[in-house]
Amino acid sequence: MDWVFFSLLSRALWAGNNIADKLLRDKHIPDSFVLTLVAGFATLLFSFLIIIFNGIAWLGITPVSLVLFAGAVQIVAVFAYYQAVSKDEISRVIPLFQLTPIFVLILSFFVLGEILTFNYYFAFLLILLGGFLISIKRTEVLFKLREAFWWMILCGLIYAVQIVILKPLYVNYPFWDLTAYLGFGQFIPTFILLLKPAFGKKLVKSLRELNLGGWIILVFSMIFAMSASVAGFWALVTGPVSLISVFRGFQSVFVLLYAVFFSIWLPKFFKEELDKKVLRTKILAILLMGVGLYLIYV
């Protein structure tokens, strides 16, 4: 089952991207809007690289329109993600991606006519419980949801819509052609926004002020993102969309491992809250969500 390997590889690479993005957002480019514009340019560059080495064919008005739309809405998800990253620790934010399979399964039910089983409903409960557990914070008088939770709800919903759109396309059309069109779709909102000069000036100013360390992190972030996207889309070719979506759960495990590693060995480079109580809460939340993912898988 190659799709399992590529799904796991995609999650490991996305986790590396998440760590880099956290560093960028907190220490180098404290503006989610600018980072979203940079992501749009990165996907455009990737599309041109695909065309240089692979070429591109016209697939027809309907598939091209769908893949362009799927790319365009992703930019909204990217902005929501950067906002969530700015609000909380990365190991608390990324597990909320595990809410995406819930949206995928619901959309699959209405769009594809898939019937949900009891296991799925129980899995949903566990995933939601884990998501709430890892996303609440204690105040003097009550528990309340972290702001990052709502941004990730928006992000997860958009990614779910994108996955449901892309699955039949990647099954029926050439992989690299679709991926190139997807990158162009992701750039469309960036191009529209840059028609307003103030946005372009903000982007140029942020990049000019970026030091060498910031540029290195930015480049690695984009390499991780592009590689993770390719691995994930390749999994879509042969794997079931609901299970591929469920594999997002492993991303939180990789993020936690990376965060703990950097916090212990490179605390000046990356710092994560690591007291025993916090770690127990994070691990319990991830385990609950992992059990939910397992129930969906079986």
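**Where do we start?**

Is D26 buried, partly exposed or exposed? D26 is partly exposed, because its relative accessible area is 43%.

Before going on, some ground rules. This is a predicted model, where local features need pLDDT of at least 70 and side-chain atom pairs count only at pLDDT 80 or more, while totals for chains, interfaces and linings use all residues. Residues are numbered from 1 along each chain as its sequence is written, and side-chain values use heavy atoms, with hydrogens and water left out.

D26 has a partner: K22 forms a salt bridge with it, and the closest N and O atoms are 3.1 Å apart. A salt bridge here is a side-chain nitrogen of Lys or Arg within 4 Å of a carboxyl oxygen of Asp or Glu. Side chains of opposite charge can pair when their charged atoms come close. Both K22 and D26 sit in helix 1 (residues 2-28), four residues apart, or about one turn of the helix. Helices are DSSP runs (H or I, at least four residues), numbered from the N terminus. An α-helix has 3.6 residues a turn, so residues three or four places apart point the same way. While D26 is partly exposed, K22 counts as buried, at 10% relative accessibility.

D21 lies in helix 1 too, and it counts as buried because its relative accessibility is 1%.

How many salt bridges does the structure hold? There are three. One of them pairs K202 with D31, with 3.7 Å between the closest N and O atoms. K202 lies in helix 9 (residues 197-208) and D31 in the loop between helix 1 and helix 2, so this pair ties together parts that are 171 residues apart in sequence. K202 counts as partly exposed at 37% relative accessibility, and D31 also counts as partly exposed, at 21%.

K205 and E209 also meet through their side chains in a salt bridge, at 2.8 Å from N to O. E209 counts as exposed, because its relative accessibility is 56%.

**A walk along helix 2**

Helix 2 covers residues 32-54. It has 23 residues and reaches 33 Å from its first C-alpha to its last, close to the 33 Å expected at 1.5 Å a residue. That expected span is 1.5 Å times one less than the number of residues. After helix 2 comes G55, whose phi is positive, near 80 degrees.

What is on the surface here? L45, L49, I52 and F53 form a nonpolar patch with about 470 Å² of accessible area together. Patch members have over 30% relative accessible area and no salt bridge; nonpolar side chains (Val, Leu, Ile, Met, Phe, Trp, Tyr) are joined within 5 Å, and like charges within 9 Å. L49 is partly exposed, with a relative accessible area of 35%. T43 is also in helix 2, but it is buried, because its relative accessible area is 17%.

**Over to helix 8**

The side chain of T43 is joined to that of Q186 by a polar contact of 3.5 Å. Such a contact is a pair of N or O atoms within 3.5 Å; within protein, one must be able to donate a hydrogen and the other to accept it, and residues adjacent in sequence count only if both atoms are side-chain atoms.

Helix 8 (residues 175-194) has 20 residues and reaches 29 Å from first C-alpha to last, close to the 28 Å expected at 1.5 Å a residue. It bends by about 30 degrees at F187, and a proline, P189, follows within four residues. The bend is the angle between axes fitted to the seven residues ending there and the seven starting there.

I217 is in helix 10 (residues 212-238) and is buried, with a relative accessible area of 13%. I217 and L23 are 194 residues apart in sequence, with 7.7 Å between their C-alpha atoms.

How values were computed: Areas by Shrake-Rupley, 256 points an atom, 1.4 Å probe, with all protein chains shown as cover. Helix = DSSP H or I, 4+ residues; strand = E, 2+ residues; numbered from the N terminus. Buried < 20%, exposed > 50% of the residue type's maximum accessible area, 1.4 Å probe, protein only.
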